[in-house]
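Dear colleague,

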Amino acid sequence: MREKPFSRYQVLSNGVMIIWTVLIILPFLLLLMSSITDENTLVANGYSYFPKKFSLAAYGYIIQSGQKILKAYGVSIIVTAIGTIVNVFLSAMMAYTLSVKKIPGRKALNFFVFFTMLFNGGIVPSYLLWSSLGVKDTLWAQLLPNFLVSAWNVMMIRTYFTTSIPESLYEAAEIDGATQFEIFRKIVLPLGKPILVTMGTFAGLTYWNDWTNGLYYITRNKDLYNVQNLLNQMVSNIQYLASSTNSNVTSAASAIPSTAIQMAIAFVAILPIMLIFPFFQKYYSKGLTLGGVKG
């Protein structure tokens with residue numbers, strides 16, 4: 001008996017996915033509309049998808065800091081690109097080691113990596129460590145602390161290598177005289193592309209959205225601020241002006257569309273990620289369906 005082209009299950013699934021997609025898009029749309037809404041209208045009527053009065057004053061305020069914004073974007077791009085590549089490469093190397101069953105002490109190493117997902121040294125020891133290594137007020141402060149190797153990435157990549165790459169390929173390569181690094185470079189990396197791109201996206205998002213490293217370790221050289229640090233500083237400055245008791249400062253602050261600026265700042269920060277995300281979408285379904293049935 002032939003199956004109908006569109007079963008009830010398919011219609012229901014498509015309907016659920018459409019609703020879910022709309023629910024994901026709506027907050028971003030509200031963020032955009034709020035950022036181009038007149039400040040007085042926004043304060044009087046609240047957030048709305050159909051504001052009564054539009055204004056680009058918030059973006060005008062951001063454009064006034066155009067040089068700082070561009071410099072911060074440059075820092076974010078450099079840190080995200082280098083950090084993501086190093087994170088994925090180191091995580092993949094460790095994951096490959098943990099996926100090879102004949103490696104001595106494999107279970108102990110797996111437990112050690114898993115243990116670090118549950119406990120860490122805390123903020124103070126980490127701050128003292130990296131400060132003593134001289135990374136403060138350098139670009140390394142945005143790169144090194146916390147993110148070079150992710151235990152979560154290692155475990156996910158290891159699971160993909162274990163379930164998706166036959167061990168017979170490793171054995172055949174060893175018979176042909178390949179070294180472990182050659183196996184990793186010529187077999188593991190090409191076959192592991194889906195999970196590596198997926199985990200790389202997560203690592204890139206972590207680097208792009210990070211503001212704590214700049215907060216802790218960038219104290220004097222503000223030119224090393226990334227986008228998140230710069231935009232957070234702009235919001236703090238606006239809030240300081242708004243809370244000042246000085247009449248001149250207060251009158252100047254009243255002319256700044258503070259609420260709309262916060263929305264515009266948030267939109268500016270996430271816009272590059274929204275533009276890049278679709279280009280890697282084809283890898284996500286492969287990378288996240290670990291251990292799927294293969295035929």
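**Aromatic pairs and a helix contact**

Seven aromatic pairs are found in a search of the whole structure, a pair being rings of Phe, Tyr or Trp (its six-membered ring) with centres within 6.5 Å; planes under 30 degrees apart count as stacked, over 60 as edge-to-face and the rest as tilted. The model is predicted: local features need pLDDT of at least 70 and side-chain atom pairs pLDDT 80 or more, while totals for chains, interfaces and linings use all residues. Residues are numbered from 1 along each chain as its sequence is written, and side-chain values use heavy atoms, without hydrogens and water.

Phe89 and Phe184 form an edge-to-face pair, 5.9 Å centre to centre with 75 degrees between the planes. This pair links distant parts of the chain, as Phe89 lies in helix 4 and Phe184 in helix 10 (residues 180–191), 95 residues apart; helices are DSSP runs (H or I, at least four residues) numbered from the N terminus. Phe184 is buried at 3% relative accessibility, whereas Phe89 is partly exposed at 37% (buried is under 20% relative accessible area, exposed over 50%, partly exposed in between; 1.4 Å probe, protein chains only). Ring pairs link Phe89, Tyr96, Tyr170, Phe181 and Phe184 into a cluster.

Helix 4 (residues 66–99) also packs with helix 8 (residues 151–164), at an angle of about 50 degrees and with the axes 8 Å apart. Axes are lines fitted to C-alpha atoms, for helices over the stretch in contact, and angles run from 0 to 180 degrees between N-to-C directions. Among the residues that meet are Tyr96 in helix 4 and Phe161 in helix 8, contact meaning heavy atoms within 4.5 Å.

Key
Helix = DSSP H or I, 4+ residues; strand = E, 2+ residues; numbered from the N terminus.
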